[in-house]
Amino acid sequence: MRLVWVMLGVSVLATASAGAGGWVWTPSADQVTPDSGRRNHVFMVGDKVTFRLNKPAARYEVRSYYGDVVERGAAAPSLSLKVRQPGWYKLYLYGAERKAAPWGDTVGSTTFVIFRQRPGFPAMPPPGTAMGSLNDEVARGVTGMGPQRHSVGDASKPEEALKSLAPEIELDRRYYLPFDPLRQRVLMVAFPNGTKDLEGVRAVVRGLKDSVRYWEPRNEPNYGSSGADFALREMRPFYEAVKSVDPSLRVLGPGTVSIGPNDHGLKWIEGFLKAGGARYIDAFSFHAYNTVNGDLWLARKGLDTLEALLAKYGAGKLEKWQTEQGAFAAVYGSYQPRLQGRWTMLQMMVYEQHGIPKEHNHLWYDKSHGFWDFPTWWENDDGGLNPAAALMRVWSEELYGTRFARAYDLGPVGNKLYVGSLFAGPGKRVAAFQSAGSTDGTVELRVQGGRRLHTFSAFGVESDLPVLGGKAVLTVPELPVYVELAKGQQLEVARQDFGPNLALAPGVTVATSGTGQHPVDKSINNDSAKLHNGVLENWYWSQQKDDQPWMDDTKSFPAWVELRLPRSTTLSRVMVYAAPPWQWQGTLLGYELQVYQSGKWVTLEHVKEPPRTFRVFSPATRTTVDSFFSDRWVFQHHFKPVKTQRLRLLVHNTTYGGGATAEVVEAGGQTGPHQVMLREIEVYGR
């Protein structure tokens, strides 16, 4: 696990772009600790939301997941908050005087959640109940998010391993296994440090066989052996050892670090399969590093390519498991909760469509103070939950009692912009939709039966959507939105097909305000033709430098990018794809979409995406900046038809790569150049 960040080559980007900040380990002397009296600060709808403060504070604020201030006021030793709507929130506490520190008068903070009361989910026990050092089986069970990857530290000491695992397995029996029988919940155990002591392996398997059905060998074997060697020298003996205890037990493998097209991913996997490795596994497992990253294209590309490779070797019908991967909320000094939320839920949406339900998808890891080099935890060291846990609770509630039924076909353009699925079970059907990276996306639904659709936000806030003439327009943001279908109600999606992409026509050219050279590395192929070649370039797939998206080197704003058509053409739609903000990759904060008419540029739309970023010290995450930036990187424009030969983006501001503002750079977040980066511009006539 600790090798991943360094050995995938990501650290080269991270180190080069990180600011001078980072984690703040020493809290201030006047730090205030809010205590809700609730485990993980979990409240249920209808509960009074209260916190006691161990020291005085002058005032408080409560912000929602989107960064909106939903409540503020004077602080008191016992705070009784008015917020009642289900969701994820952050409580901020401030002192009476502004301090010299750059984050001002912050004296404390924490996160809290409000869950719905839904059947099929255990109640959260009181504080102090079964808080492990790194794992939290109770919170996993209460959210229903998915399996733990239980680990055997030393196979040569089976008695110690069994003693260590027993409490966690018992918590799973109580809080995870008994619920939602339709979406089968099972337990897994891995031997991350190796399986050379096969007698020890058998002893552990014997001790847990009545509870644990799935078993995985050592962690990321692509480091230290070839695929063929691992298949024959480790996977086969491990498989035989597990099956010797009980042939009905299931063996997972090989648990590679990635499914990208590189030596540690698909090339290694092909060597494993070519040597017959599929004969020694009942389910194929992998880790999803650099195979989602908030990018719908990347997530689909990885799984499509993996499935083709498995089918090539007759292993296409194997179960698939993702056994180690998570998304950042605390990013090396910058707190970016919406990044974790969007990345996590996009993965869940896509993976369900590819036969990897949440019950086979391990979110790593549970708690802070584990591996600070890769801080993807969903629970902070004060017990407060990050957005992944709250979002997974609602995901689990909505999918409860259903299985994936089918993916919606949203059309040639819509399938790039959205992902949509139908889940069905006895007496229940739920449709879920999420955008690739638009905050303001919409899809048209064709509805049979009823005058309204009952919808829920990603945090469980309900509303009704009117159905007029058998149609409804559903707003689809960057998080899932759920439609709970009434009995007899049928739902289809209008396909989004806007005709040919005129930017792909012969004779189209691009002009830019910059020189055309890449601003960071002049050896990178930075041909502006990348902007209209029909390809969404992404370095994280191939990890080859020429697959970096196009980046402008204009030294100051405004900068501009112009698409020139071979002849005057009627236009009515434009799609702009920047890049999911992370490390070098950045997106747009402000620009004008313009057309050239009658000798001048005419602005059709002016986009301003608020960065929602400010300095604040958060003791539980050791961060000094909060960034509630939306991560928006897909921009859709629909306007009255205009006739023009030239289209321009006049860019006034961009992110600093993965950081919304310079404050994120200074805090030590994963950031990049303050330059225009674009993957594609599409133009349509209807």
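Predicted model: local features only at pLDDT ≥ 70, side-chain atom pairs only at ≥ 80, totals over all residues.

Reader: At what angle do α6 and α7 pack?

Author: About 50°, with the axes of α6 (residues 227-245) and α7 (residues 266-274) 6 Å apart. That makes α6 oblique to α7. Oblique covers what is left after under 35 degrees (roughly parallel), over 145 (roughly antiparallel) and 65 to 115 (roughly perpendicular). Axes are lines fitted to C-alpha atoms over the stretch in contact, with angles from 0 to 180 degrees between N-to-C directions. Helices are DSSP runs of H or I, at least four residues, and strands are runs of E, at least two, numbered from the N terminus.

Reader: Is the crossing of α6 and α7 left-handed or right-handed?

Author: Right-handed. In that case the near helix is turned clockwise from the far one by less than a right angle.

Reader: Which residues make the contact?

Author: G227, A228, F230, A231 and M235 from α6, and W268, G271 and F272 from α7. Contact means heavy atoms within 4.5 Å. Six of these residues are nonpolar, two polar and none charged. Nonpolar is Ala, Val, Leu, Ile, Met, Phe, Trp, Tyr, Cys and Pro; charged is Asp, Glu, Lys and Arg; the others, Gly among them, are polar.

Reader: And how do α5 and α6 cross?

Author: At roughly 40°, their axes coming within 9 Å; α5 spans residues 198-208. α5 is therefore oblique to α6. This crossing is right-handed. L198, V201, R202, V205 and R206 of α5 meet P237, F238, A241, V242, S244 and V245 of α6.

Reader: Switching topic. How much space lies in the second largest pocket?

Author: About 330 Å³. A pocket is an open set of points on a 1 Å grid, with protein on both sides within 12 Å along at least five of seven lines; a cavity is a set where a 1.4 Å probe fits but cannot get out; lining residues have an atom within 4 Å of a point. Volume is the space filled by probe spheres set on the points, which are joined across faces, edges and corners.

Reader: What lines the pocket?

Author: 18 residues, with T442, Q496, F498, R573 and Q636 nearest its centre. β21 (441-448) gives the largest share, four residues.

Key: Residues numbered from 1 in each chain as written. Heavy atoms only, no water.
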